[in-house]
Amino acid sequence: MQNPHEQQQIDILRRITATVDRLNESVVTMNKELKVANSYSNKLKFIGDLSEHYHESTQFNLKATGLKKDPTTN
Amino acid sequence: MEAEIEKIEQEITLQLQRIDGNLTDCFTTVTRSIIPSLKQFSEHSEDILDSLSWLTTLFERSGNVDFNTLADGEAKQSEASATANATASATTNATTNATATATAAVRAPDQDSSLQDPPTVSHLQSLMLPDSSDDEDYLTVTGQQPPAAEPSTSQLARSNKRKVSLLLQQEYASSSSYASSPLRRG
């Protein structure tokens with residue numbers, strides 16, 4: 001007689017499918033939020049790279065033109 | 001025999017219950033912890049971006065490039081080949097724009113640099129190298145293709161960069177300084 005076991009397993013599987021449904025929806029929401037956060041992070045990275053590059057270029061130009069001075073001297 | 005079947009059925013039920021429990025744990029952790037902290041992260045990073053927006057306008061103006069079109073161009077890099085045909089026509093316009101970009105670029109280093117001598121024309125042109133073509137320089141240095149969503153601006157920037165590099169070479173006749181430039185790295 002496997003009926004009680006089968007019935008119980010069917011109930012548990014029904015619970016599992018419902019849980020997985022809700023999990024899928026929450027994962028979709030999480031993906032949307034992640035997209036937004038990723039875009040912000042990429043923009044921030046771009047700004048950081050720009051400023052770093054600008055710093056390198058100014059340092060090089062100051063050294064090349066001979067205008068770079070020691071910050072401690074006055 | 002039947003006892004073993006019974007035992008196995010019970011174990012099956014137990015495993016199924018464990019599976020259900022684990023999946024509910026996943027769901028609760030994602031819904032309770034991950035999504036709210038993600039929302040907070042995006043909110044804070046949005047605040048940071050808003051406070052740093054002045055930098056984007058600064059670099060946009062200094063390079064005459066739009067960063068929104070720049071982002072689109074990175075996504076559509078296949079169109080970059082089409083711009084190669086139009087570069088010849090853009091070089092004639094480069095000379096008129098070179099002085100405009102030079103005056104625009106001087107504003108940037110004057111804000112935060114410690115230059116005490118008034119910048120001469122040669123210094124203006126030498127400083128134009130990092131500022132006007134900053135984005136294109138950055139992109140070429142990192143190995144990516146420069147964007148081509150707006151062919152005219154990118155070509156102008158590239159031709160400006162070429163002209164300025166020529167000027168640099170002329171000014172620093174000993175080419176050692178240009179050879180050791182950070183833009184030549186990589």
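These questions and answers cover how terms apply to a predicted model with chains A and B. Local features need pLDDT of at least 70, side-chain atom pairs count only at pLDDT 80 or more, and totals for chains, interfaces and linings use all residues. Residues are numbered from 1 along each chain as its sequence is written, and chains are lettered from A in the order in which they are written.

Q: Why are H1(A) and H1(B) called roughly parallel?
A: The axes of H1(A) (residues 3-65) and H1(B) (residues 2-51) cross at roughly 20 degrees and come within 8 Å. Axes are lines fitted to C-alpha atoms, for helices over the stretch in contact, and angles run from 0 to 180 degrees between N-to-C directions. Angles under 35 degrees count as roughly parallel, over 145 as roughly antiparallel, 65 to 115 as roughly perpendicular and the rest as oblique. H1(A) and H1(B) are therefore roughly parallel.

Q: What residues make up the contact of H1(A) with H1(B)?
A: The contact divides into 25 nonpolar, 13 polar and eight charged residues. Ala, Val, Leu, Ile, Met, Phe, Trp, Tyr, Cys and Pro count as nonpolar, Asp, Glu, Lys and Arg as charged, and the others, Gly among them, as polar.

Q: What makes Asn64(B) buried?
A: A residue is buried if 20 or more other C-beta atoms lie within 10 Å of its own, exposed if 12 or fewer, and partly exposed in between, with C-beta atoms placed from the backbone. Asn64(B) has 21 within 10 Å, so Asn64(B) is buried. Asn64(B) lies in the loop between H2 (53-63) and H3 (67-75) of chain B.

Q: What is the phi of Asn64(B)?
A: Phi is near 55 degrees, a positive value in a residue other than glycine. Most residues other than glycine have a negative phi.

Q: How many helices are there in chain B?
A: Chain B has nine helices and zero strands, while chain A has one helix and zero strands. Helices (H or I, at least four residues) and strands (E, at least two) are DSSP runs, numbered from the N terminus.
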